[in-house]
Amino acid sequence: MRGGRDIAAVTDATFRLHRGECLALIGESGCGKSVLASALLGLLPGNARTEGHAWLSGDDDRLDLLTADERTLARTVRGRRIGLVPQSPAAHLTPVRTVRSQLRETIRELTGRRDGEEAAAARAAFPADHLDRHPHQLSGGLAQRAATALALVGDAPLLLADEPTTGLDRALVDRTVDELRAQVDRGHTLLVITHDLAAAERIADRVAVMYAGRIVELADAEAFFGAPGPRHPYARGLLDALPERAFTPIPGMPPELGDLPAGCAFAPRCPRAADACAAVPPLTDGVACHHPRSARA
């Protein structure tokens, strides 16, 4: 940042994502979810630095996404090995070109074919009679499906969906999530980034909860949303804040990433905080907390 100051936007993010699985990365806005996604695709701003490794395993090789050069990412990764379903499809789609022309160009670039727009659209449930429309002529849900269709053209084994339901009404959220889940059921792997807990519950096999740039809980989705429930106090607070649950907000505000408290970043908001929280808790057995709830609670 200005003055040579560093901000750790994401710290110690460690997880595995298996073939044919959906991992939902959840947390409040500003916690670092989209930064993590941008790092995986090599789309961070020029003043960003990364450390560590992000291994993308294929049938014959393993590529470190954090050290790969731009040529490798552009020619062999984006669209081919990782498909991006963007946060804002309206900004992702070219406004002066029809959906058909954008699909045709993507198909030609990624597969070498010069046709197949209808089949590509059908994979994302995009109606064929809308292919010759421009993005401004589409509803939010149809724009999202068009962006999803583009992401699926290269048949990338890994799909990265960054807030794919933002701005959609509940019915369209459910439809979009179900379409993405169908891709997982067909063998794709999906990392979905969202603050919509209902969408995460509907789509995920596993859940990763992020707070102030750190993953604080990794759990099986069924256990997380059901019994025994979240083990980290912040994760439990997220669920308790839902209208269909306790509808109880988490007190206080998330910290600024440039001004994190010493030790556990959630301690100032946590009812279970104790002296031990003056130290940063490591992620152990799926939870980063000095006094997590029992897995059998």
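This is a predicted model: local features need pLDDT of at least 70, side-chain atom pairs count only at pLDDT 80 or more; totals for chains, interfaces and linings use all residues.
According to an unreviewed UniProt entry, residues 1–237 carry the annotation "domain: ABC transporter". That span is 37% helix and 16% strand, and its end C-alpha atoms sit 32 Å apart.

**Helix α1**

- Helix α1 runs over residues 33–41, and its buried residues are Lys33, Leu36, Ala37, Ala39, Leu40 and Leu41.
- An α-helix has 3.6 residues a turn, so residues three or four places apart point the same way.

**Where α4 meets α6**

- Two packed helices are described by the angle between their axes and the distance between the axes.
- For α4 (residues 99–111) and α6 (residues 140–152), the angle is about 15° and the axes are 9 Å apart.
- An angle under 35 degrees counts as roughly parallel, so α4 and α6 get that label.
- The crossing of α4 over α6 is right-handed.
- On the α4 side, the contact uses Val99, Gln102, Leu103 and Thr106, while α6 brings Ala146, Ala149 and Leu150.
- Sorted by class, that contact has 5 nonpolar and 2 polar residues, with no charged ones.

**Where α6 meets α7**

- Helix α6 also packs with α7 (residues 170–185), here at an angle of about 10° and with the axes 10 Å apart.
- That angle makes α6 and α7 roughly parallel as well.
- The α6–α7 crossing is right-handed.
- From α6, the residues involved are Gly141, Gln144, Arg145, Thr148 and Leu152.
- Facing them from α7 are Leu172, Arg175, Thr176, Glu179, Leu180 and Gln183.
- This contact of α6 with α7 splits into 3 nonpolar, 5 polar and 3 charged residues.

**Arg75, out on α2**

- Is Arg75 buried or exposed? Its relative accessibility is 53%, so Arg75 counts as exposed.
- Arg75 belongs to helix α2.
- Arg75 and Leu110 are 35 residues apart along the chain, with 9.2 Å between their C-alpha atoms.

- Which residue in the loop between β5 and α7 deserves a look? That would be Glu163, which has a positive phi near 50° despite being a residue other than glycine.
- Glu163 has a relative accessible area of 5%, and therefore it is buried.
- Ala212 is another non-glycine with a positive phi, about 50° in this case. You'll find Ala212 in the loop between β7 and β8 (214–220).
- Ala212 has 11% relative accessibility, so it counts as buried.
- What is the peptide bond from Ala227 to Pro228 like, cis or trans? That bond is cis, with omega near 10°.
- Pro228 itself is in the loop between α9 (221–225) and α10 (233–240).

Note on methods:
Residues are numbered from 1 along each chain as its sequence is written. Side-chain values use heavy atoms; hydrogens and water are left out. UniProt positions are given in the numbering used here, feature names are shortened, and annotations may be inferred rather than shown by experiment. Helices (H or I, at least four residues) and strands (E, at least two) are DSSP runs, numbered from the N terminus. Axes are lines fitted to C-alpha atoms, for helices over the stretch in contact, and angles run from 0 to 180 degrees between N-to-C directions. Angles under 35 degrees count as roughly parallel, over 145 as roughly antiparallel, 65 to 115 as roughly perpendicular and the rest as oblique. A crossing is left-handed if the near helix is turned anticlockwise from the far one by less than a right angle, and right-handed if clockwise. Contact means heavy atoms within 4.5 Å. Ala, Val, Leu, Ile, Met, Phe, Trp, Tyr, Cys and Pro count as nonpolar, Asp, Glu, Lys and Arg as charged, and the others, Gly among them, as polar. Buried means under 20% relative accessible area, exposed over 50%, partly exposed in between (1.4 Å probe, protein chains only).
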